[in-house]
Amino acid sequence: MNSITLNNGNQIPQMMFGSFQMNEQADMDAVVKTAVDNGVLGFDTSPSYRTEEMLSAAVRGLIAKREGLSRSDFFLDTKIDEWQMIAKKGEIRPFVEKCLEKTNLDYWDLILIHWPQPDYYTKTWLAMEKLYEEGIVKNIGVCNFSVRHFKGLERAGANVVPAVMQNEVHPLNTENEVLEYCEENHITVQAYSPLCRMIPEIRENELLNHLAEKYGVSLAQIILRWHIERGLVPVVKTSSEKRVKENTDIFSFALSEEDRDAITGLDSHFKIFLESRCCPGY
C-alpha cells in the first residue's frame, strides 16, 4: 500500500481501517490480520469507540506472531473526545499518558481533536502541540473542522499546522470548501464514512451503478477509488474479510477525469453525523 507524505515529512498510509462499533476482540484480530495481509497497516480508533485496547492488543499480537513485523510498520491514530477537553479545560496530557499506559504503546502515530468543542478546542490544540514537540505523538490533527475552526487555531497562536484533518466525506458530502483550504495548507484529509454507510441514496444511485458496471468493479470500489484520486485517505469500516479484500483492491483501475468529476457533482451536503448532535454548542 502506498503512503502519502504529510506536511511535516512523515508518512500516512493511503488507506486505513476504522474500529467504530467493533465489540469483540476476535473480530478486531481478524480485521487487523486481513488488512495487513492485503497491505493496509493503518488503523483508526477513539476513546468513545472503546476499541483502543482491543486495537493495540490485535496489533501487538500480530507482531508477536510474524517475523519481520514491528510497531513502526503500523500507523495507529486515536482522538481526544469532547468530554476529555471539558474535564481538563483543554489540558489533555493526563488522558494521553493514561491511554499509552493502558494500551502498552510507546507512542501514537496520530492524535486528533475529535470535535471542535467551542470552549476548549484551541486550548486542546496548544496542549497537543507540546505533546508533539516532546515526541509523545508523531503527528497531530483535527476532525470535523470547517474553515472557521482552522482560523480559530490561527487566532489562538497555533505554531503547528495540523498534519491531518478527518472529516465525513463521501459522494453526497464532498466537503469542497474545507478540502480546498486543506490543499492550500498541505493538510492531508482522512475521509470517514467514505461509503456513506451504503444508504439507499448511494446504493441505488444510477451514476455510481453505471460506473461500477463500466469499470467492472463493485460500487464500493468505485467510491473508494474516487477518494484515492482526490488525494484523500479513506477510513473504511468493516468486520468482513471479504469486504476488507474488496476494499483494498482498488489500484488496478483508474477513473477518467470526467467520471471523477461526475461523482463529485453528486454533492448534496448530506451528512450522517450532524455537528449539533455530536458537538453541542458547535
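Which residues of helix 6 are buried? The buried residues of helix 6 are Val147, His149, Phe150, Gly152 and Leu153, where buried means under 20% relative accessible area, exposed means over 50%, and partly exposed lies in between, with a 1.4 Å probe and protein chains only.

## Basis of the description

This is a predicted model, in which local features need pLDDT of at least 70 and side-chain atom pairs count only at pLDDT 80 or more, while totals for chains, interfaces and linings use all residues. Residues are numbered from 1 along each chain as its sequence is written, and side-chain values use heavy atoms, with hydrogens and water left out.

## The barrel

Eight strands close into a barrel in the order 3-4-5-6-7-8-9-10, with parallel pairing; two strands pair if DSSP finds at least two bridges between them, and helices (H or I, at least four residues) and strands (E, at least two) are DSSP runs numbered from the N terminus. Direction ignored, neighbouring strands of this sheet are turned by 25 degrees against each other on average, with axes being lines fitted to C-alpha atoms, for helices over the stretch in contact, and angles running from 0 to 180 degrees between N-to-C directions. Helix 5 packs on the sheet and touches strand 5, strand 6 (110-113) and strand 7, its direction making about 155 degrees with that of strand 7; contact here means heavy atoms within 4.5 Å.

Strand 4 (residues 42-44) and strand 5 (residues 75-80) run parallel and are joined by three bridges. Glycine 42 has phenylalanine 75 as its bridge partner in strand 5, and phenylalanine 43 stands opposite leucine 76 of that strand. Because six of the six residues of strand 5 are buried, strand 5 is largely enclosed by the rest of the structure.

## Strand 8

Strand 7 and strand 8 also pair in the parallel sense, over three bridges, and the partner of valine 142 in strand 8 is methionine 165. Five of the five residues of strand 8 (residues 164-168) are buried, so this strand is largely enclosed by the rest of the structure. In a regular strand the side chains alternate between the two faces of the sheet. In strand 8, Val164, Gln166 and Glu168 point one way, whereas Met165 and Asn167 point the other way, and all are buried.

Just after helix 6, glycine 157 takes a positive phi of about 85 degrees.

A search of the whole structure finds nine aromatic pairs, a pair being counted when rings of Phe, Tyr and Trp (its six-membered ring) have centres within 6.5 Å, with planes under 30 degrees apart called stacked, over 60 edge-to-face and the rest tilted. The rings of tyrosine 121 and phenylalanine 145 have centres 5.5 Å apart and planes at 85 degrees, so their pair is edge-to-face. Tyrosine 121 lies in helix 5 (residues 121-133) and phenylalanine 145 in the loop between strand 7 (140-143) and helix 6 (147-155), so the pair ties together parts that are 24 residues apart in sequence. Tyrosine 121 is buried at a relative accessible area of 8%, and phenylalanine 145 is buried at 1%. Phenylalanine 145 also forms an edge-to-face pair with phenylalanine 150, at 5.1 Å centre to centre and with 65 degrees between the planes; phenylalanine 150 is buried, with a relative accessible area of 3%. Elsewhere, ring pairs link Phe20, Tyr49, Tyr192 and Phe273 into a cluster.

## Charges over tyrosine 107

The charged end of arginine 71 sits over the ring of tyrosine 107, 4.2 Å from its centre, and lysine 138 lies over the face of tyrosine 107 at 4.7 Å from the ring centre. A charge sits over a ring if NZ of Lys or CZ of Arg is within 6 Å of the ring centre and within 35 degrees of the ring normal.

## Two buried polar residues

Glutamate 52 is found in helix 2 (residues 52-65) and counts as buried at 4% relative accessibility. Its side chain makes a polar contact with the side chain of lysine 102 at 3.3 Å, a polar contact being a pair of N or O atoms within 3.5 Å of which, within protein, one must be able to donate a hydrogen and the other to accept it, and for which residues adjacent in sequence count only if both atoms are side-chain atoms. Not counting residues up to four places away in sequence, glutamate 52 touches Thr45, Ser46, Pro47, Thr78, Cys99, Lys102 and Thr103.

Histidine 227, found in helix 10 (residues 219-229), counts as buried at 0% relative accessibility. The side chain of histidine 227 reaches the backbone oxygen of proline 194 at 2.9 Å.
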